[in-house]
Structure formats: C-alpha cells, structure tokens
Amino acid sequence: EFGDYTAVLDVVPDGYELKSGSASSQEVDVQSGDNEKIIFVVVEETTPSPTTASITVEVRENSETGNLVPNAKVTLTNPSGVESLDNYTLASGTISVEDLTDFGKYTATFDEAPEGYILTPTCPSVKEETVNAGDSDKIIFVVEPTAKVTVSVVDKDTGDEIEDATVEVTIGTDPITGDPIKVTGTTDENGETTLDLPIKND
C-alpha cells in the first residue's frame, strides 16, 4: 500500500541517546518502485560532570582496617581556611562531609583521643587530602588502647616522695618530624603520677 508512513523510534539502546536535534519520528511518502530509507541517529550518552565531592574522616583501632573507635575529636579545615568541623566529636568513629564545592587541599587535625586510647605513634596527627569534583576521599587516624600506669618518684637516700617531678616516657617517633613522642606527667604530693601508656602486643 502506497502513501505516507510514519516511523517512530520507541526504544534507544542502553548507553545511547537520540542525537540532539534529531526527531524521534519521521515520515516518508512511499510510492511504487521506491526504495526509501529512514535513519535515526543516536550517540553515546554523556554523563554530567560532577559538581560536588565528599570527604570522610575515620578513627580506627590499631590499623586502617581495624574497628571504628568512637568519641575522638577532630578538626577539618577546607582549602579556604574555614573549619568544616571544629574540634568535632566523632560519636560513631566516623563522619562524612557531603556536597563539598570548595575543591583543593583539606586538612584534618586529630585533636583528642577518646578515653582509653592514644594516637598511634606512627600515625601523623595532621593529614591532608586534595579533593576534586566527584571525589569521595577518606582520611583515617589510627589509635591504640592504653593502660594506666602509676609511677612513683622517691628520694633514693631517704625514701621520701618527690612532688612536682616530671616523668617522661618515650613511646615512639613522630613520622613527620622524627622527634620522639613522649607521654609526660607530674608527680603529686605523694610522689606519684598516672600515665596512659599504649598496650604493646609484642
């Protein structure tokens, strides 16, 4: 039967879209002896460029794959010097800051370890991460459990307790500066001070 025919593109293959400006329906007049052709032009789909990013800060026990440790305090500063998190308590051991539009270098500072923990000596207390559009970056601080150790200072001759003596215990070396990391305390009127020292597993 000759006359006008209409072709409609109902379904575009996955991963493709109809080329901009192309019609999804076309008409053709078919007459005797014709060999008509209808062409629909499709192109690969384009993914919109991301306009935001996110960064997650975690605190974990003994390694970057260890259990999350709650209640550490951290500060996160964006590239403009504004504190996205200010001495923030990670109640669940992690926090994600979403929909970031200020791209560049973010700085995370470990402010305070939770009760019963100390920042692992090999883990820097300040970490930086460069965030670009579309990124989902992560900064992990590693802590380790501590035990309370009471140290007494007495006069070797009289045995009297020494007040206001400074006690220092070196627990590691700062991975950035190479300086020794020390836990310090000052003795009380009984010549004692209690230090939180990391529990060694070796």
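Thr120 counts as buried because its relative accessibility is 11%, where buried means under 20% relative accessible area, exposed means over 50%, and partly exposed lies in between, computed with a 1.4 Å probe on protein chains only. This is a predicted model, in which local features need pLDDT of at least 70 and side-chain atom pairs count only at pLDDT 80 or more, while totals for chains, interfaces and linings use all residues. Residues are numbered from 1 along each chain as its sequence is written, and side-chain values use heavy atoms, with hydrogens and water left out. The strands named below are DSSP runs (E, at least two residues), numbered from the N terminus, as helices are (H or I, at least four residues).

**Two loop residues**

- Thr120 lies in the loop between strand E10 (117–119) and E11, and, leaving aside its neighbours within four places in sequence, Thr120 is in contact with Val142, Val143 and Glu144, where contact means heavy atoms within 4.5 Å.
- Val12 belongs to the loop that runs between strand E1 (3–8) and strand E2 (16–18), and Val12 counts as partly exposed because its relative accessibility is 26%.
- When residues up to four places away in sequence are not counted, Val12 touches Glu17, Leu18 and Val42; Val12 and Val42 are 30 residues apart in sequence and 7.8 Å apart in space, C-alpha to C-alpha.

**An open sheet**

- Four strands form an open sheet in the order E7-E6-E9-E11, with antiparallel pairing, where two strands pair if DSSP finds at least two bridges between them.
- Strand E7 (83–90) and strand E11 (126–131) stand at the edges of this sheet, and each has a single partner strand, so one side of each is left without a neighbour in the sheet.
- On average, and with direction ignored, neighbouring strands of this sheet are turned by 20° against each other; the axes are lines fitted to C-alpha atoms (for helices over the stretch in contact), and angles run from 0 to 180 degrees between N-to-C directions.
- Strand E6 (residues 72–77) and strand E9 (residues 104–112) run antiparallel and are joined by 5 bridges; Thr75 has Thr109 in E9 as its bridge partner.
- Thr107 is also found in strand E9, and Thr107 is buried because its relative accessible area is 19%.
- Leaving aside neighbours within four places in sequence, Thr107 is in contact with Thr75, Leu76, Thr77, Val126, Lys127 and Glu128.

**Nonpolar cores**

- The largest nonpolar core has 24 residues, of which Ile55, Val59, Leu76, Phe110 and Phe141 touch the most other members; such a core is a set of buried Ala, Val, Leu, Ile, Met, Phe, Trp, Tyr and Cys residues joined through side-chain atoms within 4.5 Å.
- Two or more residues of this core come from each of strand E5 (53–61), E6, E7, strand E8 (94–100), E9 and strand E12 (136–152), and E12 gives the most, with 5 residues.
- Apart from this core lies another one, of 6 residues, among them Ile118, Val167, Ile171 and Val183.
- Leu76, one of the residues that touch the most other members of the largest core, has contacts that include Ile55, Val82, Leu85, Val97, Tyr106 and Ala108, not counting residues up to four places away in sequence.
- In soluble globular proteins, nonpolar side chains tend to be buried together.

**An aromatic pair and a charge over a ring**

- The structure holds 1 aromatic pair, where rings of Phe, Tyr and Trp (its six-membered ring) pair if their centres lie within 6.5 Å, and planes under 30 degrees apart count as stacked, over 60 as edge-to-face and the rest as tilted.
- The rings of Phe110 and Phe141 have centres 5.3 Å apart and planes at 55°, so this pair is tilted.
- This pair links distant parts of the chain, with Phe110 in strand E9 and Phe141 in strand E12, 31 residues apart.
- Phe110 counts as buried because its relative accessibility is 10%, and Phe141 counts as buried because its relative accessibility is 0%.
- The charged end of Lys127 sits over the ring of Phe141, 5.7 Å from the ring's centre; a charge sits over a ring if NZ of Lys or CZ of Arg is within 6 Å of the ring centre and within 35 degrees of the ring normal.

**Positive phi values**

- Asn87, placed in strand E7, has a positive phi of about 50° although it is not a glycine, and Asn87 is partly exposed because its relative accessible area is 37%.
- Asp99, placed in strand E8, has a positive phi of about 55° although it is not a glycine, and Asp99 counts as exposed because its relative accessibility is 59%.
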